[in-house]
Every structure is written in structure tokens, then in C-alpha cells.
Amino acid sequence: MSNAPELAPSITVFKGDRSKLKSKVNLLERIQPGYYQSEVDNIYRQSWLPVTSTKEIPKKGDFIVVDVPPLKASLIVVRGQDNQVRAFYNICRHRANKLELDERGNKRVFTCPFHAWSFNTEGKLTGVTDEPQFPGLNRLEHDLIPVHTEVWETFVFVNFAKAPKHSLAQWLGEMHGGYQGFFDDREQIAHWSIEVNANWHVTINAFTEGYHSLFLHRATLPDYQGGKDNPMRHRPYLEVMEHHGRYSAKANPDHHMTPVEKLAFGAGRPLYPAFPQIDTDVPGFPTSVNPGRVSNWAFDITELFPCFVLINGANWHQCMWFWPIDENRTLIRVIDYAYKAQGLGDRLAHAYFRVRNREVFREDISTMEAIHASLKTGVMSHVVLSQQEMLLQKHYSVAAEMVEAGA
Ligand code: FES
Ligand SMILES: [Fe+2]
């Protein structure tokens, strides 16, 4: 900790090693095509990347096709007949046609539309049409090409490296044992995606600090955080880990529920931007939920490096991907989960959460293309980051380290 600058006073409890963090970051170099390519090779090919949820493929033979834009890859993620989850490149081993065209389904066999070669759910080549016309063909050499796959809580992670440097447990570090089934009892209530003309760093940076919430969200979220004791909405807890970072946000105890919020959450459980009263410790909360055990806890935001953000409240969580397409474009995907609805009141709560959340999200994406266009002028190379924006500092420090390690 010796190299870290003195911290200015705030309510924030900081945890972790700040010694390599920098408050000035060169964004101009990061929007150059050559630099971006080195990020693909040294970050995206080396990191464990969450791609989907086990909830999408609960039964044997269930599959989902997911794109991983920075690797230009389409993957089939499938639960095999042995109940194991695996991911394969969605490429037929005959002449490289796209094997599975459906987005999801349940199959025992994947059959290529071109010449009808077939592969089982464990990736084995099981059928070659007119096989005698392939003299000497060794089927064993033409199984689907696997990608390293590991499951953590409800998340399916893949790693594109030939030999990953870390196990998933090592990659996740402190968070690995921290959620213990917290996401299990949830249902998906919304999903959407949007492509924006902005570099991936610019897009993910919009979701890993709370500094902007008082200003950018002044209309949609006027008083849900902050309040008399915390007018600038400082994060009460902020932690940097080896690869990742997280913070907690405090609810405003004087928040006035609007008439619509009262109606929406009157019969169901409160969801963002309303919060149940939570003070420090809640029996049954695993250690990574409200990790600093702060009073008036509202939600946590965790960046799983490089491009995934998990936001979790007491009764909901949101998964966000910021997939780079190239140095100028990002595909943002969002999936919202909430506690399982049992009646109309819960459905109403879910519906309000869905709509309200999307409104806030629209504000969050509103700055991205303008920032990217400004950077493209080349007149401003560096941005400056406050200590409340420490997760951004951490993000850039890990990104730079991985790029330099591969250079
Ligand atoms: S390319 Fe798939 S069977 Fe020919
Ligand atoms: Fe925001």
C-alpha cells in the first residue's frame, strides 16, 4: 500500500491494494486498431469470460448459441447427456459451415444443414453421410472443437486460451466462495441488447462508478441514494481485487416512494429503485452480498474483468456484458433476474422494475457515443478519475498489465 496516494476524506471504506492504480488514463491509445488487437490477444484470449447462465440450459440436451464478438466466435453451450456443461465452436468439422442455426433448443444430435454430418451433445462426430466416399477418414480427428468451460454459481464461463493460466477459482479470487446459491432462486424477467458506436472501455466505465448518479439520473432517480448524510452519494464500501472490483451503494433512508412505486411494490417485494431496509447483517446473505456489511444497503456493483458487470440487490440481479466488436463498437447485452413471482403483485413489481431499469439504462448509454467521438478528434488523450471512480482505475490497471505481459 506504500505507493498509494493519501485518500481524501469520505464515508468510503476502501479495501485492497491501490499501489498500481493511476488517476490519469490514456484512452486515446486504447481506441487505436493496433492496441485493440493486442487487447483481444492478451485480454480476451486469456480471461475467463461468462457467456450464459445454467438456468438457460437446465435439462440434458438443452443448448444455447452465444456469440463472443471480440473472438468473432459463435459457441454452442450444451448440457450433455452426462449432465456436464460444455462449450464448442459452432463450426461443422466437414467444411466449416455454421452447425447450429437455432438460438436455443434441446437436442441429442446436432446435424449440419449443408451435408448432414452429425455430432452428439458431448461434441463427438457421430454421423458422416456417404462415409465410404471419404477413404481413410478418421472420425476421431473431426469432433467439435471445445473451448475450456467451467461453471460457477449459475454462470457458465469459457476461456479461449490453449492452456488457461488460471483456474476459474483463481481468476475469481475472493469472490469464488462468496455467493453460495444466492442467484439460484430467480427468474429472468428482462433482456435486451444494443450496439453502440463507442469503445468497450467507454461503455463499461459508465456502470462501475456512482459519481454520475446524482447528475445524469437526476430525473429518473432523484432521491433513491444519498440524502442528508451522504449528499454526493459516496460509495460506503469499495474493494479492488487482483482482477476485479466491487462497491456497494447506500439507500437514502429519506427516499419518498412515489405513488407508482407504492403501487408497484405494494404487493410484491421492493426492487430497484426501492430497497428493503437492510442494516449491516442479514441472516442468509453470503459474504459477497453487501461485502462491507454497510447499513442502509441498496445494491452491489461488481466488475468481473474484462467486460462483465453484475449488479445485485436483495431480491434481484442484473447481468451486463460489454462485448467489443472492434475498437469503435460495442455490443451491450443486459439480462435482469428477480425473485420468482408467485402472484399478480409480484408480476407488477417485476414489470415496474423492468421499465424503470430500462429508463435508467437509456440515460447511462446516452453519453457513450459522444465520449467516443470526442476521443476520436485526438485533442484529448487522457481522462482523470476520482477515488470514487476507483473501479475504473482498477479496470485500466489490469488491462494494461495484461497487454504489457503479452507484448
Ligand atoms: S459443412 Fe457441415 S456437413 Fe458439410
Ligand atoms: Fe448510471
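**Entry 1: domains**

I looked up how the chain is divided: domain 1 covers 13–45 + 179–406, and domain 2 covers 58–163. These bounds come from an automatic or database domain assignment. The C-alpha centres of domain 1 and domain 2 lie 33 Å apart. The contact takes 10 residues from domain 1 and 8 residues from domain 2. Two residues count as in contact if their C-beta atoms, placed from the backbone, lie within 7 Å.

I noted that this is a predicted model, where local features need pLDDT of at least 70, side-chain atom pairs count only at pLDDT 80 or more, and totals for chains, interfaces and linings use all residues. Residues are numbered from 1 along each chain as its sequence is written, while chains are lettered from A and ligands numbered from 1 in the order in which they are written.

Next I checked the side of domain 1 that touches domain 2. Helix 1 (33–44) and strand 18 each supply at least two residues of that side. Strand 18 gives the largest share, 3 residues. The residues of that side divide into 8 nonpolar, no polar and 2 charged. Here Ala, Val, Leu, Ile, Met, Phe, Trp, Tyr, Cys and Pro count as nonpolar, Asp, Glu, Lys and Arg as charged, and the others, Gly among them, as polar. Helices (H or I, at least four residues) and strands (E, at least two) are DSSP runs, numbered from the N terminus.

I turned to strand 5 (residues 73–79). In this strand 5 of the 7 residues are buried, so strand 5 is largely enclosed by the rest of the structure. A residue is buried if 20 or more other C-beta atoms lie within 10 Å of its own, exposed if 12 or fewer, and partly exposed in between; C-beta atoms are placed from the backbone.

Which strands does it pair with? Strand 4 (residues 62–68) is joined to strand 5 by 6 bridges, and the two run antiparallel. Strand 5 and strand 6 (residues 85–89) also pair in the antiparallel sense, over 5 bridges. Two strands pair if DSSP finds at least two bridges between them. I found D67 opposite S74 in strand 5. L75 stands opposite Y89 in strand 6.

Then I read the turns. The hairpin of strand 4 and strand 5 has 4 residues between the strands, and K72 takes a positive phi near 55° there. The hairpin of strand 5 and strand 6 has 5 residues between them. N83 is exposed, with 8 other C-beta atoms within 10 Å.

**Entry 2: helix 6**

I took helix 6 (residues 344–365) next. Its 22 residues reach 32 Å from first C-alpha to last, close to the 32 Å expected at 1.5 Å a residue. The expected span is 1.5 Å times one less than the number of residues.

Which residues of helix 6 are buried? They are D346, A349, H350, Y352, F353, N357 and F361. Seen down the axis of helix 6, they fall within an arc of 170°, so they line one face of the helix. The arc is that of the directions from the helix axis to the C-beta atoms. On the other side, L344, V355, E359 and R362 are exposed. What covers the buried residues includes strand 13 (186–196), helix 5 (259–266), strand 18 (316–326) and strand 19 (329–339).

**Entry 3: helix 7**

In helix 7 (residues 368–376), I found M368, H372 and L375 buried. Seen down the axis of helix 7, its buried residues fall within an arc of 60°, so they line one face of the helix. A370 and A373 are exposed on the other side. The buried residues of helix 7 pack against strand 13, helix 3 (200–205) and helix 6. Just after helix 7, G378 takes a positive phi of about 80°.

**Entry 4: I31**

I31 lies in the loop between strand 2 (24–26) and helix 1. I31 is partly exposed, with 19 other C-beta atoms within 10 Å. What does I31 touch, not counting residues up to four places away in sequence? I listed N199, E327, N328, L375 and K376. I31 and E327 are 296 residues apart in sequence and 5.4 Å apart in space, C-alpha to C-alpha.

I looked up two peptide bonds. The bond from Y272 to P273 is cis, with omega near 5°. P273 is found in the loop between helix 5 and strand 16 (297–304). The bond from F305 to P306 is cis, with omega near 5°. P306 sits in the loop between strand 16 and strand 17 (308–312).

Last, I checked R233. R233 has a positive phi of about 60° although it is not a glycine. Its place is the loop between helix 4 (213–216) and strand 14 (237–240). Is R233 buried or exposed? R233 is buried, with 22 other C-beta atoms within 10 Å.
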